[in-house]
Amino acid sequence: MKIDNQINLETPEGIDIQLTPAGLGVRTLAFIYDFLIRVVIVLAAIIPLTFAGNLGVGIMLIVMFLVEWFYPVIFEVIKGQTPGKKSFGLTVVYDNGLPINFAGSLIRNLFRAIDFLPSFYLLGGACLLLSKRNKRVGDYIGGTMVVYHEAPQRLSYFSFEKQKNIELTLDADMQKSIIAFAERSKTLSAQRQQELANILSPILNVQGPEAVSQLKSIAANLVGKA
């Protein structure tokens, strides 16, 4: 079960984002899953290289190094999650909720060497348990955190009671903007909705919550849902 430690973030655009940091237990399971995959990859490379003599040993060491340090980086940059994290519904993001990039992923994974101290990731585990956002040392240095990846839900943004028609002459761009506002309304804070709706207050002759309500009504009329 996920502990109710949800983090609420608001983007500069006024969009509310809820993130739930992953705890020690599920992150450990994801790590074990990825560790087993890395072992399989290394063993698959070692078997044919054993017949290549000293050259094979050199290539083997390079493969082990690349798999150990760049396996998580490649998957986190491309998909935001390693196979282990994906299997447990986890993903890596920056503290502001943005997707992680190469620099952030490289930093957080290079510092796994410190998390491992003194052995068996004891320092990283202790740091994670004491952190409000379940962050290990690498997460603090890289400004990242591991969160649950919530599946997107389809929402109906026009499911409010039918209101009176509002007679306005709107060009195509204005109509698109109003519909886009209504579609995004449930991802915006109430303050941000009012701020955007007040831009059209000279046309609507109202402000605040009433302006928001009128814009949603207009949007519903434009898409034939009211």
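**Entries on helices and loops**

I began with Q214, which is buried with a relative accessible area of 14%; buried stands for under 20% relative accessible area and exposed for over 50%, with partly exposed in between (1.4 Å probe, protein chains only). I noted that this is a predicted model, in which local features need pLDDT of at least 70, side-chain atom pairs count only at pLDDT 80 or more, and totals for chains, interfaces and linings use all residues. Residues are numbered from 1 along each chain as its sequence is written, and side-chain values use heavy atoms, with hydrogens and water left out.

I placed Q214 in helix α11, residues 209–222; helices are DSSP runs of H or I with at least four residues, numbered from the N terminus. The C-alpha atoms of Q214 and L204, ten residues apart along the chain, are separated by 7.7 Å.

I then asked how the axes of α9 and α11 cross. The axes of α9 (residues 190–197) and α11 come within 8 Å and cross at roughly 75°, where axes are lines fitted to C-alpha atoms over the stretch in contact and angles run from 0 to 180 degrees between N-to-C directions. The two helices α9 and α11 are therefore roughly perpendicular to each other, a term for angles of 65 to 115 degrees. From α9 the contact (heavy atoms within 4.5 Å) involves Q193, Q194 and A197, and from α11 it involves P209, A211, V212, L215 and K216.

Next I turned to α6, residues 122–130, where G124, G125, C127 and L128 are buried. They cover an arc of only 165° around the axis, which puts them on the same side of α6; the arc is that of the directions from the helix axis to the C-beta atoms. The buried residues of α6 pack against α1 (24–49), α5 (112–115) and α7, while the face turned away from the buried side carries the exposed residues L122, L129 and L130.

In the loop between α6 and α7 (137–142) I found S131, which is buried at a relative accessible area of 7%. A polar atom of the S131 side chain lies 3.1 Å from the backbone nitrogen of K135. N134, found in the loop between α6 and α7, has a positive phi of about 55° although it is not a glycine, and counts as buried at 12% relative accessibility.

My last entry concerns N205, in the loop between α10 (201–204) and α11; its phi is near 65°, a positive value in a residue other than glycine, and N205 is exposed, with a relative accessible area of 65%.

Technical notes
A polar contact is a pair of N or O atoms within 3.5 Å; within protein, one must be able to donate a hydrogen and the other to accept it, and residues adjacent in sequence count only if both atoms are side-chain atoms. Angles under 35 degrees count as roughly parallel, over 145 as roughly antiparallel, 65 to 115 as roughly perpendicular and the rest as oblique.
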